[in-house]
Every structure is written in structure tokens, then in C-alpha cells.
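Please consult the sequence and the structure shown here while reading the points below.

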Amino acid sequence: MSCARVALAIHRRWFSAKPSRFIAPRLDRQNLRGIGIAMAQVRQDADDQKSEKVRFNTDDPATALKQLHAYLISPDAKNGFPSSFQLQMRSHSNATDFVLDMASLELLKSWPIRQQRTILRGLKYTVETCNAQKHYPTLSKGEEPTADTLGSISSASPVQKRVKRLKETHLSNDVSPRSATTQRFLQLLADADQSPLLWILAEAFSINLGIPENRSLALALYHRLFELKAMSECAALVSLHGLYSHVDSTTLILGLVEREDKPSLAALIGTHEERLQQFYDLMESQCTMQLTPLNQELLDSRPVQRDQKLSRCASMSWHLIRRFGTDPDTKYPAIAAALRLRNATWLLGDVRERLLQSESYDSEAYEGFTDLLEVIINAGSSSVWNRLLAKYFVRYFIGHSKTEDYAADLAKALDVSDYYEVAVQNGCAMRSPRDFPGKKEALLPAYNTNNPIHFVGTVEQLRNLQSMFVKGEVARLAVDCEWSPTVGLQDATSRPAVLQIGLEALRHNGSREQMCHIIDLIGLPHDDLQSALQTIFLDTRSVKLGFDFGQDVKQLRQVFPSMPSLSKIPNFVDLQKTVSINGTYTEKRPPASLSSIAECFLNQRLDKSARLSNWERRPLRNAQLKYAANDSMVLLDIHAEYSRSQE
């Protein structure tokens with residue numbers, strides 16, 4: 001039986017059956033798994049037919065367990081638990097007892113938790129597969145599964161589906177008689193000498209550890225797992241069997257945060273608002289505890305070390321903030337401050353590395369970085385934490401002769417000059433500059449366009465630019481976008497702030513004139529901008545140049561839906577794919593950067609110092625205008641040189 005036939009049966013089930021028939025009419029202990037196991041079993045059969053089978057000893061449990069362990073730690077174990085073992089066990093006369101014999105061996109407990117987990121999960125699935133084969137005999141005969149055979153299909157998460165199975169099979173009351181195998185398994189769970197990870201097999205034996213009768217056993221297993229620091233298994237046990245209110249949830253959450261186990265934390269929280277609220281309150285208190293002593297540490301003469309615990313709390317909080325769309329500034333200012341500190345780390349490191357590499361300090365070259373740091377601080381709602389962040393940013397640059405001047409300028413901009421003076425008097429030091437190796441000194445001159453630069457900030461200026469395309473006065477144009485980097489608490493990339501267009505205009509006397517127009521995408525009316533972009537990009541008489549412009553088009557289309565897609569822009573040339581210095585462009589060969597292409601064709605380097613700046617501020621700084629113009633005008637020069645080289 002092929003996967004295509006299973007898919008066809010699913011299609012008939014979903015699109016021909018009425019909604020009321022989506023739920024299987026009967027759910028008993030033998031019908032717990034449904035379509036998931038059926039399809040996986042078909043895939044395993046297909047894989048085993050294509051590859052050489054690994055033979056396991058199915059007569060001696062100890063030998064089989066050793067073979068499984070040897071396989072899983074070998075380089076051949078690329079796909080995890082071997083499906084050939086499950087295939088062999090399906091023909092075993094008593095697979096369930098054999099699996100229990102393997103799980104009860106002392107050898108299993110001696111291996112690391114990760115290996116125990118992998119083996120037990122594979123054994124659990126083996127038992128489920130064998131039980132499914134008994135209930136779905138048509139699968140082994142190659143017949144097409146029917147709608148009743150497939151059972152219900154749930155779109156819920158794996159944890160939610162497993163909890164639903166436990167409820168649907170009436171295990172919450174646990175009124176059905178237990179088999180001898182199930183009783184034996186319960187005895188193994190209660191044995192303190194056995195591995196507590198054996199609870200993973202509970203679902204395969206249809207045992208709900210959350211019912212009152214089994215709760216003491218479940219809590220004992222939880223404490224044994226906690227002693228082993230198996231936090232992932234602790235969270236899974238609590239989530240699947242409803243033990244959240246019966247354990248110390250605060251300690252469990254802190255354990256997951258310590259290990260940065262995001263999937264387990266998400267499964268533990270689920271969709272419970274009270275659990276999410278508890279998590280946020282706990283992270284707020286933890287962040288407050290870590291941020292409060294930082295005030296004194298910033299005055300210490302020793303270098304300030306990054307707090308790993310604070311970073312972990314921020315990282316785990318951010319995982320759930322993105323998932324639930326929470327605004328931390330309204331209720332959790334300490335979490336927000338920790339997140340901003342975490343997000344600014346890369347920016348601070350980049351600025352300090354530039355300062356350490358430079359020959360001399362040019363204050364204008366670093367004004368853009370200062371703007372971004374101001375944006376990070378001013379976005380916070382707590383004045384206490386905002387001032388702490390300002391002092392931390394300034395402290396980052398105190399302690400080295402090449403960064404002292406910028407530290408003074410930054411302290412003045414962030415209004416913490418008093419702290420700067422005290423920190424300098426205390427002799428605060430920074431980490432050795434050897435931690436920041438410098439790059440090779442740039443020997444090539446910087447590219448700098450001498451053509452006129454026009455900032456398009458009014459509707460009249462925008463229409464004048466649009467009329468040049470209507471009259472057919474533009475022969476070539478190079479386009480590029482700029483937006484502020486993501487430094488706040490938003491997950492998405494910032495909206496495009498400016499669109500720079502380098503033009504080569506045709507004059508009446510036959511001459512050509514180059515200029516750059518920088519369009520304000522924030523201050524101008526949306527409808528006027530949308531009309532102008534359509535005129536510019538759909539013009540069929542001009543050649544349009546870009547460099548990896550696909551991402552820019554995606555960003556523009558989010559704000560201006562009528563903006564044509566990259567494939568529909570006439571006469572568009574992507575220089576990243578057309579011009580190459582590493583051979584023919586392919587998907588496997590990484591394309592050359594714009595800087596390397598400029599060095600190759602123009603023998604000049606591109607100055608990227610203004611790239612990281614606040615492009616939403618108005619008016620733009622001269623350094624920003626110059627950078628935007630250079631980024632587009634250089635494409636015209638590269639295209640001209642490349643065209644001459646092809647003649």
C-alpha cells in the first residue's frame with residue numbers, strides 16, 4: 001500500500017464526509033492512535049524496502065537493547081529510532097512483554113537521559129504500532145484504508161491530541177479491567193530502582209497517571225525525574241497528565257528557563273491564561289532581581305560581565321511574547337528592559353569594534369548609532385529602567401582610549417553625563433581589546449558620488465519626479481531601500497523609510513545627466529506614493545537596476561499593495577545575479593557582495609558606517625543622505641563598467 005492511497009482516503013474523508021462524521025463513532029483502548037500510526041507504518045514499510053534492513057535479536061531482550069543503543073550512537077542513526085526494529089517486532093509473538101523486558105533492564109538506567117529518552121520513545125511507538133496492526137489488519141494486507149479505519153484527524157498540537165486521546169478513551173475514570181501486562185508495567189513504574197523515564201510508555205499502555213488512583217505514583221515519578229534534572233520529561237509528564245496544580249510549578253518553570261527549553265515551556269503553558277500570567281510574573285521578578293544590582297556594578301572598576309541568567313529570562317519571555325502577542329511595556333517593565341538590553345548587545349558590539357579599528361574618532365560618523373540607542377531607551381515605559389539602560393550603554397565604551405570620546409558624546413546625548421564623570425573617576429575598565437580583532441586596513445579609496453542629491457519630501461517634488469518617467473526622460477535608474485534595523489520589541493522588520501533612486505536622465509541636447517532622488521516613504525501621502533511607485537516601476541522605456549532587490553520589493557508591497565512584484569517589473573536587471581566575480585551565479589554558489597563587486601569593477605570600497613542608523617528620523621542627517629545616494633549611484637557605475645567589459 002502506498003502513501004498516495006492513504007492520502008486519497010484522507011481526502012475522501014475530509015472533503016466528502018459531513019462535519020459530524022469527522023469523529024470516529026467508537027473510541028476504545030485499541031483505537032487510540034488512528035491515522036498517525038497508520039501513515040507512519042506505511043512510511044516505515046516503504047523506507048525498509050528501499051534500504052538494507054538492520055537485523056535485531058528479538059529473542060533476547062538484553063541483546064536487543066544493546067543493539068539498539070549501539071545503533072543510536074553510531075553515525076548510521078541519522079533518522080533516529082530504527083524502523084526495522086519496529087517492523088521486526090510487528091511479527092513477534094508477544095511484542096508488548098518483550099518491550100517491557102527491555103525497558104526493565106538495569107542497563108537502560110545506566111545510560112544518559114538523552115539516550116534513555118530516545119530508546120523509550122521508540123519502544124513506546126513500537127507498542128503503539130503493534131497494537132494498531134492488531135486493530136487495523138487491512139494495513140498488512142495492502143488494502144485501501146476506509147474512513148472508519150482512519151478514524152478522526154485532529155489539527156490540534158501533539159500535546160493537545162495526546163491529552164484528548166486520554167479523555168476520549170474514558171481513562172479519566174479508569175473503570176476497565178487491567179491486563180497482566182499493564183499491571184506489570186505499573187509495578188515497574190513504582191519501582192524506585194527503575195528509570196523514572198519509563199513513564200514515557202504509559203500512553204502506549206493506555207494509562208492515565210493523572211487520575212486520583214495513580215496520582216501518588218505520578219508525583220513520585222515527577223520528583224525522581226526532577227532529581228535527575230530531566231526537566232523536559234517533568235514538563236511533559238505534568239502537561240499530559242494534568243499535574244500542574246499538584247507540583248511546584250514555579251520551580252519547574254525556573255528549571256525550564258535555566259535550560260532554555262522553549263518547546264517544553266510552550267507545552268507546559270499551553271493556552272492557559274493563568275499559567276501564562278504566572279510565568280510573566282515570575283520572569284518580571286527574576287529580571288528585577290538581576291537588573292537591580294546592575295546599578296552598583298556599573299560603578300565598579302572591573303569590566304561588566306553579561307548576566308547569563310538575565311539573558312535566559314529575556315530569551316524565554318520573548319518566545320512567549322511573540323506567540324501570544326503580549327506587550328511587556330504595559331505590565332512588565334523589567335522584562336521589557338531585559339529584552340531591550342538583549343537586543344542592543346549586537347549594536348553595542350558593532351559600534352565598539354568600529355571604534356577600536358578606526359585611526360581617529362569622527363563624531364559625525366557615529367551619530368546614527370547614537371540615534372538608534374536613543375530609540376531603544378525612549379521606547380521603554382519605566383524611567384528607572386530607561387536610565388539604567390542609558391548608563392549601561394555608556395559604560396560599554398568606558399575604559400579604552402579609542403572609545404572614551406564616544407562614551408562622553410553618548411552620555412551627553414542620553415542625559416547621563418553625571419554617571420560618566422563618576423565612572424571615569426572610579427577607573428572603570430572594559431574588556432581587553434584583544435577580544436575584538438580588527439580587520440585589515442582598507443587600502444582602496446571610498447566610493448563617493450559627486451552627483452546632485454535631492455530629498456523628495458513634498459507632493460510637488462514627488463510629482464515632478466513622476467513626470468520625468470511619464471515624459472520618457474529616464475534612460476536608466478538604480479533603486480534601493482533603507483529601513484531602521486529591528487532594535488525594539490517588535491518581531492517584524494521595520495517598514496521601509498526611504499527609497500533612493502539613482503537616475504540617468506536624457507536631456508534635449510542629447511546629453512545625459514545623473515542625479516539621485518531620495519523619496520520619503522513615511523511623511524508623504526500614501527496614495528501619492530503608491531501612484532508614483534507604479535509609474536516608476538512599470539515604465540517600459542527605462543532600464544531598472546537593483547542588487548538583491550527581492551527583499552526590498554517584499555517590504556514595499558506590504559505597505560504599497562499595488563507595487564508590482566519583482567518578476568513583473570519590466571527591464572529589471574539584478575546585478576547580484578548578472579555581475580559575478582566568482583563565476584556563474586547558481587543557487588549553491590554564494591553570490592558576491594555589493595562591496596566586493598564595487599572593489600572589482602570600480603577599484604573603490606563602499607563605506608557602510610551609516611547603514612545602521614535611524615532612517616525614520618526627520619530630517620535625515622547628511623551622512624545618511626550621502627550613504628543612501630552612494631548605495632544607488634554605485635549601481636549605475638557598476639552597470640556601465642560591466643557593459644563595457646562585455647563589448
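The model is predicted.

**Helices H15 and H16**
- Helix H15, residues 262-269, packs with helix H16, residues 273-291, at an angle of about 130°, and their axes lie 8 Å apart.
- H15 and H16 are therefore oblique to each other.
- On the H15 side the contact involves Leu 265, Leu 268 and Ile 269, which meet Arg 275, Leu 276 and Phe 279 of H16.
- Sorted by class, this contact of H15 with H16 comprises five nonpolar residues, no polar residues and one charged residue.

**Helices H21 and H23**
- Helix H21 (residues 367-378) and helix H23 (residues 404-413) pack with axes 11 Å apart, at an angle of about 40°, which makes H21 oblique to H23.
- The crossing of H21 past H23 is right-handed.
- H21 contributes Phe 369, Thr 370, Leu 373 and Glu 374 to the contact, while H23 contributes Tyr 406, Leu 410 and Ala 413.
- By class, the contact of H21 with H23 has five nonpolar residues, one polar and one charged.

- An open sheet of mixed pairing is formed by six strands in the order S1-S4-S3-S2-S5-S6.
- Strands S1 (453-456) and S6 (572-574) are the edge strands, each pairing on one side only.
- Strand S3 (residues 498-506) pairs with strand S4 (residues 512-520) in the antiparallel sense over nine bridges; Leu 499 has Ile 519 in S4 as its bridge partner.
- Helix H30 (residues 622-646) packs on the sheet and touches S1, S2, S3, S4 and S5, its direction making about 135° with that of S2.

Note on methods:
Residues are numbered from 1 along each chain as its sequence is written. This is a predicted model: local features need pLDDT of at least 70, side-chain atom pairs count only at pLDDT 80 or more; totals for chains, interfaces and linings use all residues. Side-chain values use heavy atoms; hydrogens and water are left out. Axes are lines fitted to C-alpha atoms, for helices over the stretch in contact, and angles run from 0 to 180 degrees between N-to-C directions. Helices (H or I, at least four residues) and strands (E, at least two) are DSSP runs, numbered from the N terminus. Angles under 35 degrees count as roughly parallel, over 145 as roughly antiparallel, 65 to 115 as roughly perpendicular and the rest as oblique. Contact means heavy atoms within 4.5 Å. Ala, Val, Leu, Ile, Met, Phe, Trp, Tyr, Cys and Pro count as nonpolar, Asp, Glu, Lys and Arg as charged, and the others, Gly among them, as polar. A crossing is left-handed if the near helix is turned anticlockwise from the far one by less than a right angle, and right-handed if clockwise. Two strands pair if DSSP finds at least two bridges between them.
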